Amino acid sequence: MSITVKFFASLRETIGKADVTLDTDNIATAADVWKIATHHHDRINNMLIAINMEYASLDETVKDGDEVAFFPPVTGG
Amino acid sequence: MSVELRGEPFDPWQALQTHQNAKPELAGKFGATSIFVGTMRDFNDGNDVQAMTLEHYPAMTQKHLEAIANEAGQRWDLLDTLIIHRYGDIRPNDPIVLLAVWSAHRSESFPACRYLIEELKTRAPFWKQETTGANSHWVEHNTPG
């Protein structure tokens, strides 16, 4: 399956890329996406996850075509 | 209900007037307009701040601001809601966000406006990067309201 992965703000700088596309069948959850997209980088404290632009948890299931984003706590307003 | 993300500086008071003038159907119906304008300070957490860049996740930001505005409309009896939020390069004294709520009575508009800003600050995907002196750093948390 194909998953689009996005990193924002300080996580983008930590991981060293803004987005990547994963084409593999070895993915079941957002945690798997993190591992493969970051080459097993340690998880970041307070990291937030969104699947298809809705907040999600690392154990949430992903499916073909999903967009998965990782980012730090938000600071708008 | 209107939600706008803007990459250039804007005048919230002009935007407010323009929005209201474009809604003649509201005339005579609203008795209360509650407004929140968030403006960039030149200090934060004890540091002098020269500039700021506001990053966002465009489609998700738009989606969640619209969701927050819709929730406010379900919780309170509102006639209209306007959200304008900046992204990109921002300077001290630049407005960052305008929130405006129109209702028949203040008992609806005040709590709705407060709801918009508090929900926005915890749910809308924006990230501030401040420039202090020769350095820049990501703001890691919101300041207490």
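In which sense do strand β1 (residues 2-7) of chain A and β5(A) pair, and over how many bridges? The two strands pair in the parallel sense, over 4 bridges; two strands count as paired if DSSP finds at least two bridges between them. Helices (H or I, at least four residues) and strands (E, at least two) are DSSP runs numbered from the N terminus. The model is predicted, and local features are reported only at pLDDT of at least 70 and side-chain atom pairs only at pLDDT 80 or more, whereas totals for chains, interfaces and linings use all residues. Residues are numbered from 1 along each chain as its sequence is written, with chains lettered from A and ligands numbered from 1 in the order in which they are written.

Chain A contains 2 helices and 5 strands, arranged from the N terminus as β-α-β-α-β-β-β. Its radius of gyration is 11 Å, close to the 11 Å that the globule rule gives for 77 residues, so chain A is as compact as a globular protein of that length. The radius is taken over C-alpha atoms, and the rule is 2.2 Å times the number of residues to the power 0.38. Along the principal axes, the C-alpha atoms of chain A fill a box of roughly 35 × 25 × 20 Å. Of the 77 residues, 32% count as buried; a residue is buried if 20 or more other C-beta atoms, placed from the backbone, lie within 10 Å of its own, exposed if 12 or fewer, and partly exposed in between. Among contacts in chain A (C-beta atoms, placed from the backbone, within 7 Å) between residues at least 6 apart in sequence, 55% join residues at least 24 apart.

The 5 strands of chain A form an open sheet with mixed pairing, in the order β2-β1-β5-β3-β4. Strands β2 (19-23) and β4 of chain A stand at the edges with a single partner strand each, so one side of each has no neighbour in the sheet. Neighbouring strands are turned by 30 degrees against each other on average, direction ignored; axes are lines fitted to C-alpha atoms, for helices over the stretch in contact, and angles run from 0 to 180 degrees between N-to-C directions. In β5(A), Ala69(A) stands opposite Lys6(A). Helix α2 (residues 30-37) of chain A lies across β1, β2, β3, β4 and β5 of chain A, at about 110 degrees to β2(A). In the loop between β3 (48-51) and β4 (54-56) of chain A is Asn52(A), which has a positive phi of about 50 degrees although it is not a glycine. Asn52(A) counts as partly exposed because it has 16 C-beta neighbours inside 10 Å.

In chain B, an open sheet of 4 strands has the order β1-β6-β8-β2, also with mixed pairing. The edge strands are β1 (2-6) and β2 (32-39) of chain B, each pairing on one side only. β2(B) and β8(B) pair in the antiparallel sense over 8 bridges, and Thr39(B) stands opposite Pro95(B) in β8(B). Helix α2 (residues 58-75) of chain B packs on the sheet, touching β1 and β6 (78-86) of chain B, with its direction at about 155 degrees to that of β6(B).

The contact between the chains takes 13 residues from chain A and 23 residues from chain B. On the side of chain A that touches chain B, α1 (9-15) and β5 (67-71) of chain A are the elements that give two or more residues.

Definitions and conventions. Two residues are in contact if their C-beta atoms, placed from the backbone, lie within 7 Å.
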